Structures are given as structure tokens and as C-alpha cells.
Amino acid sequence: MTSKLVSRCRGERERFRWRVGGSFVILHCSFPIFQHIHSVSPISPQRSLMPSGSSSQQDPAPCIVKKCIALLQHLASSKVKLKQIHAFSIRHGIPITNPDMGKYLIYYLVSLSAPMSYAWNIFSHIQNPNVFTRNTMIRGYAESENPRPALEFYRKMHLSCIEPDTHTYPFLLKAVAKLVDVRVGEMIHCVSMKNGFESLVFIQNSLVHMYAACGVADSAYKVFDLMRERDRVAWNSVINGFALNGRPNEALTLFEEMGQDGMEPDGFTMVSLLSACAELGALALGMRVHVYVVKVGLNENLQVSNALLELYAKCGSIKEARKVFGEMRERNVVSWTSLIVGLAVNGFGNEALELFKEMEREGMVPSEITFVGVLYACSHCGLVDEGFNYFRRMKEEYGIIPKIEHYGCMVDLLSRTGLVKEAYEYIQKMPLQPNAVIWRTLLGACTVHANLALGEYARDKLLRLEPQYSGDYVLLSNLYALEHRWSDVQKVRRKMLSEGVKKFPGYSMVELGNRVHEFIMGDRSHPQSDKIYAMLAEITTKLKLKGYVPHTANVLVDIEEEEKENTLSYHSEKIAIAFMLLNTTPGTPIRVVKNLRICVDCHVAIKLISKVFDREIVVRDRSRFHHFKDGFCSCRDYW
């Protein structure tokens, strides 16, 4: 009986548990990864876990350490297997203070993106960890959700007089880039120069990436410009830096230089370049990039496909966006969200909501950003009840806690439909503190719907949050002008001058011949300005024959009616359209990108221009697209 029991026990799996980071590591000694090391003699668990000062503890044979490290190198393909190997090492007498075993354990923990608490638990027991191990810890924190401990780790290295090596700075700069802390980045830049590491390519690349991520594109370019050797990583980082920081022209120029330098672009380059084209509204150039993408086979890259989708959506070419989406073999939440938002801002709110329903049928789980797009669609289509229903479903069905962006969509939804008082009451009941965008939305609605009392209240709130934002002064000034309170208009404008607040002018951009042309109101700097203004006069004459009457209520200054009509004729989008009518063949679509909300008069005029000149005109203003064709607009005069 006893022999049978012993035999059965020997056949059972031997288990061993070790407490690490708040969880147990469980070892199955008969697990396949351990079957080939049966020659290693087990050491009792009690002896292996004794303190290092214990007289009964002996260092394990070097061959055991080597075999455990070999297990990590060849078999630690998951966190579970790594924990099993870790337990196995302890079971066979390797103390947790062993620096070699600790070094490899931490390296593979970081490579597998395991919790840094586990890595720290091991590190804290290692005797005299070397620079490699410390660098690995910095790398682990830099790649984690909370990279700040990486900076603290470096500070302790410095206080302990441990010299960093060439690998320390790239990991450290990666942490700084995620934290977007340019002052710390500049300090590390200085230290790397002091230690003579600045000329190394991978440190220079990290510096370019750090400055670009922190929004200092000029500093990124300065480091890039001083580099003797520039690899693809350097080119991609600086191009992406300009693209992400509102400098698309510079990004496109650098891409041209990249080709001239003989450097082949990759998927990351294409994503940055397409983002720059989307920002500029440079559809023709973006389409050329698309051709190149297909030619080199990058159209199968999911990130590139998503960037193409965003390009066409942002350029108002929703038909092409749908085509790209339909041809994608693989789609993720970003793909669905990009098209949903693209449809919404292009005035196809109902189609956006239908696509969202299809997304749900496909079993895709929408993200919080997806719901921003859905609520945006409801807002721009005036679907109040549907908007509140989706807001409820977001919380109850998907467990998404609403963020300030979602509440902003709801305030915008109420505001756009003229429910200004209800929008104010909604703000008062919000569980989150309203930010400047929320109050600015209400102020804009008060201007459109002439609610002076609430407008002044919203402006008071904005003065406390963002006193230097010029747009708020302009909105309030416009609100007073609508009420013909010219003395109050002057007070607002005097306050802007005394506070040093500058108003940024409106501009419109169009693409022609692989160049982007920019116009501002009353602009006469263009070489074709005489022809452009002659065309503007012709446009006005033809529109008046069709019954056009200038909407002078938009000119919110105390001047004569005739002067108001002349002022309206010289709005930047009208100048841009006149330029394109002069320089493109009949029937060619015209695409305009504008930095401000289109005014009522321009909206009325462009509808007529599309009919009289038989052109499709797409205008992307601050908040949405307007597709003008045959005298109608896709927004149905609701924007």
C-alpha cells in the first residue's frame, strides 16, 4: 500500500511557490520546458531561501546559473513561462541576490512588458547591479504607462556616482518624450554633451524624437541638421515632428530632401507624410503619396491604410475614404472611428450612425473616441434625442466613463439646435468641471442665437480660464455688435489692446500645381491679384443677377451698408475660389481649407457660385465640411 502511494506521489507534478510582487510563482517541474535538465540535482527550498548571511547557504554551481539563463534565452516566451523559470532557479539553489540571474530576469521581464513591480522586486535584491541592469530598469519604466520612475532611477544613479553609458540616454529620453517635459529633456541633452555622447547616432535620434514629441520642432530640426549621419529613424522623427506640430509645409519639404538624400521611406514616413497632407488639405499631393504607397506595397500596412483613410476624410473626398475602407483586409477600431468621424464632419451624419451600427454588428467594441465621433454626428445633424440615447448607451452598455470631450459634444448638440438655456443647465449639472472649450461652445451659441445675458456669463468664466484667447473677445464683440451696442464693442477691443491680446486673421488655402496657396481677407500680395479681383467683381455681378443679396448683418462694425458689401466680397474663401476659377478648367472641383467658421454670407454666396459656375466646391472650415453642388450644401444650412 505504502509503495503504491509513494509511486503515485512520484508521478504527480512537483510544485513550488515563491512570493513575488504580490502574487505566487507556481512551478510545474514536469512542464515540458524543464524535461531536458533532469540532470540538475534539486536543493531543498528551505536552504535556497535562507538569507545570504546564513552559514548553511552556498553559492550554486555556475553550470546551474548558466542553464537557467539558457532557459530564459530560449524558452521565456511568455510571462507565465518566465515565472516558472524563475521559480525553477530558486528551487535549484540560485539566490535572489545573484546579479547574473537577476540581470537576465529583469531583461526578459521588460521585453515581455511584465509589471515593473515584479522587475523592481528582483532588482531590489540584487547585490551590486551593473549599468546594464540599471539601464534595463530605466527602459522598462520608459515603456510603461507611468514613465516618471525612470527619471527617479536616473537621479539615484547620479547620486550613487554610477556613470551612465551610451544606452542610458536613449531610454531616458524616451521617458521624457512620453512625459512631454522639454525642460528635463534639455537638461539630459546637456549632460549627454558633457559626457561626450551627443555625436552618437542613436542618442541624436532620441533627442530629435524627444524634442518633436515635446512640441519643439525647431529644436528637433536643429539636432537633425547637425547630424553627420542620418538614418531613416532620424528622417522619420523630424518629419513626424513637423507634421504633428502644425508645420506640414516643412514636413513635405523634408520628405523631398529625404528622397534627394537617397533614403527610402518606410511605413512610418508615409503615415507622417499623409498626416501633413491631411492637415494642409493637399489632396493632389496626398493622392500621389497613395500611388507611391501602392507601388512599394505599403498599402497592406494597417497604420498606412488608416492614415490614407484620414487623408481622404480630412480633404472632403469621402468617396475615396469609403473606397480605402472597403479595400482594407484588416480593420481595427481606429479604421471604423476614422470613417465615422469623416462622415460626420462631411455632413453625412445619418451615414455615420449607420456605419456605427454596422461596426456593432461586426462585433467591434467601440472606444471612447468612437463615441466622440457618434455624438459629433448627432450634433452636426441636429439629432438631439439620438445623441442623448447614444450617450446613455456609452455609459450603460459599454461601461465607458464620459470624459470632457463627450460632455462637450452634448453641450454643442443642445447649443446648435438653439437650446441655449438647456445647454447652460446641462453644464451646471455636469459631474466634471467645465473647461474653456465648454464655455466657448456656449458663448458661440449665444452669439448665433443672440442671448446676451448668458454670453456675458460665459465670457466671465472664460476670462478666468484663458484670459489671453483672442477668439473669446471677438465672439463677445460680435454679440454686442448684433445688439448694436457699439460702445461696448469698442470697450472689448480696447481691453484686447490693453491686455496685449492679438487676433489671428482668418485665412483660406487651396492647392494648385503641387503648391498650397494661402489667402487672407483683402489680400493683394498674390502675383495674380489684379485678375483675382476682376474675377471677384464678375462673380458678384453674376450672383446678383441670380438674386443674391449680401448678408451685411455679418459685418459687425458701425459703417455704411455699401462698405459692408465691399468687405464681404473680399473674404478669404471668396478670394481663394476666384483664384481657382481662374486657374482650373471648367468642371474641376475646388477644395478650400479655412481656419475659421464660414460666415452666413459666404455660405449663401458659395451655394450660388457652385450653381452659376457649375463647380463642386468643398470648404473645410474650423468645425466641419461643406459640400456645395448645384446650389445646395451638404450641411443643409445647419452648421
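Which residue of strand 8 does F628 stand opposite? I looked, and F628 faces C633 there.

Before going on, I noted that this is a predicted model, where local features need pLDDT of at least 70, side-chain atom pairs count only at pLDDT 80 or more, and totals for chains, interfaces and linings use all residues. Numbering runs from 1 along each chain as its sequence is written, and side-chain values use heavy atoms, with hydrogens and water left out.

I found an open sheet of 6 strands in the order 4-3-5-6-7-8, with mixed pairing. Strands here are DSSP runs of E, at least two residues, and helices are runs of H or I, at least four, numbered from the N terminus; two strands pair if DSSP finds at least two bridges between them. Strand 4 (515–520) and strand 8 (632–633) are the edges with a single partner strand each, so one side of each has no neighbour in the sheet. Strand 7 (residues 625–629) pairs with strand 8 in the antiparallel sense over 2 bridges.

**The helix pair.** Next I checked helix 22 (residues 384–396) against helix 23 (residues 404–416): they pack at about 165°, axes 10 Å apart. Axes are lines fitted to C-alpha atoms, for helices over the stretch in contact, and angles run from 0 to 180 degrees between N-to-C directions. Helix 22 and helix 23 are therefore roughly antiparallel (an angle over 145 degrees). I listed the contact (heavy atoms within 4.5 Å): V384, G387, F388, F391 and M394 of helix 22 meet H406, Y407, M410, L413 and L414 of helix 23.

Conventions:
Parallel < 35°, antiparallel > 145°, perpendicular 65-115°, else oblique.
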